[in-house]
Structure formats: C-alpha cells, structure tokens
Amino acid sequence: MISCRLHMLMAEKRMNISDLHRETGLSRTLLTLMHKDELSRIDLASLNTLCNYFDCEVGDIILFQKDQS
C-alpha cells in the first residue's frame with residue numbers, strides 16, 4: 001500500500017493547504033488530494049517541488065508499506 005504523508009509534514013510546519021499553495025504554486029486540488037491521502041498519481045515535478053520545499057526525501061512524503069497477504 002502506498003500512502004501520502006503530506007498532512008504530517010504540513011502539521012509539523014503548522015500550515016494549511018492555502019499556505020502551501022501560496023508558497024509552492026502547486027494546485028489546491030493536488031494538495032487537497034495529497035492531504036486527504038486520496039491521490040492516485042503525482043507527477044515528478046510536483047513531488048520535486050514538495051521535496052525542495054520541505055527539504056526532505058520522496059520517502060518522507062510517499063510511504064510504501066507491503067500489503068498484508
């Protein structure tokens with residue numbers, strides 16, 4: 001299972017979607033879907049923007065957990 005941890009990074013900086021939109025220029029729709037962990041795909045440029053903004057690695061934003069069989 002792949003999940004998005006954007007909400008955690010945002011909470012650490014005490015920011016909301018509007019703040020992140022203003023700071024990064026990424027669309028509110030994309031940020032909202034990521035915040036709610038409802039995103040089905042993301043382009044590399046957007047992921048790069050978030051990694052640069054939060055000064056983090058991809059794995060800090062996108063988490064992979066092996067499915068339980």
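**Figure 1. The whole chain at a glance.** For 69 residues, a compact globule would have a radius of gyration near 11 Å, and the protein agrees with that at 12 Å. Here the radius of gyration is taken over C-alpha atoms, and the globule rule is 2.2 Å times the number of residues to the power 0.38. This is a predicted model, in which local features need pLDDT of at least 70 and side-chain atom pairs count only at pLDDT 80 or more, while totals for chains, interfaces and linings use all residues. Residues are numbered from 1 along each chain as its sequence is written, and side-chain values use heavy atoms, with hydrogens and water left out. The C-alpha trace spans about 40 × 20 × 20 Å along its principal axes. You can find five helices and two strands in the protein, in the order β-α-α-α-α-α-β from the N terminus on. Helices (H or I, at least four residues) and strands (E, at least two) are DSSP runs, numbered from the N terminus. Of the contacts with a separation of 6 or more, 59% join residues 24 or more positions apart; contact means heavy atoms within 4.5 Å.

Figure 2. Buried residues are 28% of the 69 in the protein. Buried means under 20% relative accessible area, exposed means over 50%, and partly exposed is in between (1.4 Å probe, protein chains only). The protein exposes about 4900 Å², and carbon and sulfur atoms supply 48% of that area. Such areas come from the Shrake-Rupley method with a 1.4 Å probe, and for residues only the protein chains shown count as cover.

**Figure 3. The largest nonpolar core.** Which residues touch the most other members of this 16-residue core? They are L6, L20, M34, L50, F54 and I61. Helices α1 (6-12), α3 (28-35) and α4 (44-54) each supply at least two residues of the core, and the largest share, four residues, comes from α4. A nonpolar core is a set of buried Ala, Val, Leu, Ile, Met, Phe, Trp, Tyr and Cys residues joined through side-chain atoms within 4.5 Å. In soluble globular proteins, nonpolar side chains tend to be buried together. Now look at I61: leaving aside neighbours within four places in sequence, I61 is in contact with S3, C4, R5, L6, L9, M34, L47, L50, C51 and C56.

Figure 4. A disulfide is a pair of cysteine sulfur atoms within 2.5 Å, and the structure holds zero of them. C51 is buried, at 11% relative accessible area, and C56 is buried too, at 15%.

Figure 5. S3 sits in strand β1 (residues 2-4) and counts as buried at 12% relative accessibility. Not counting residues up to four places away in sequence, S3 touches D37, I61, I62 and L63. D37 belongs to the loop between α3 and α4 and is partly exposed, with a relative accessible area of 35%.

**Figure 6. Backbone angles to look for.** Most residues other than glycine have a negative phi, and most peptide bonds are trans. D37 is not a glycine, yet has a positive phi of about 55°. D55, also not a glycine, has a positive phi near 50°. D55 lies in the loop between α4 and α5 (58-61) and is exposed, at 71% relative accessibility. Just after α2, G25 takes a positive phi of about 80°.

**Figure 7. Around helices α2 and α3.** At the start of helix α2 (residues 17-24), a side-chain oxygen of N16 comes within 3.0 Å of the backbone nitrogen of S18. R28, in helix α3, is partly exposed at 42% relative accessibility. Leaving aside neighbours within four places in sequence, R28 is in contact with I17, S18 and H21.

**Figure 8. Where D67 reaches M1.** D67 is in the segment after β2 (62-64) and is exposed, with a relative accessible area of 53%. The side chain of D67 reaches the backbone nitrogen of M1 at 2.8 Å. This is a polar contact: a pair of N or O atoms within 3.5 Å where, within protein, one must be able to donate a hydrogen and the other to accept it, and residues adjacent in sequence count only if both atoms are side-chain atoms.
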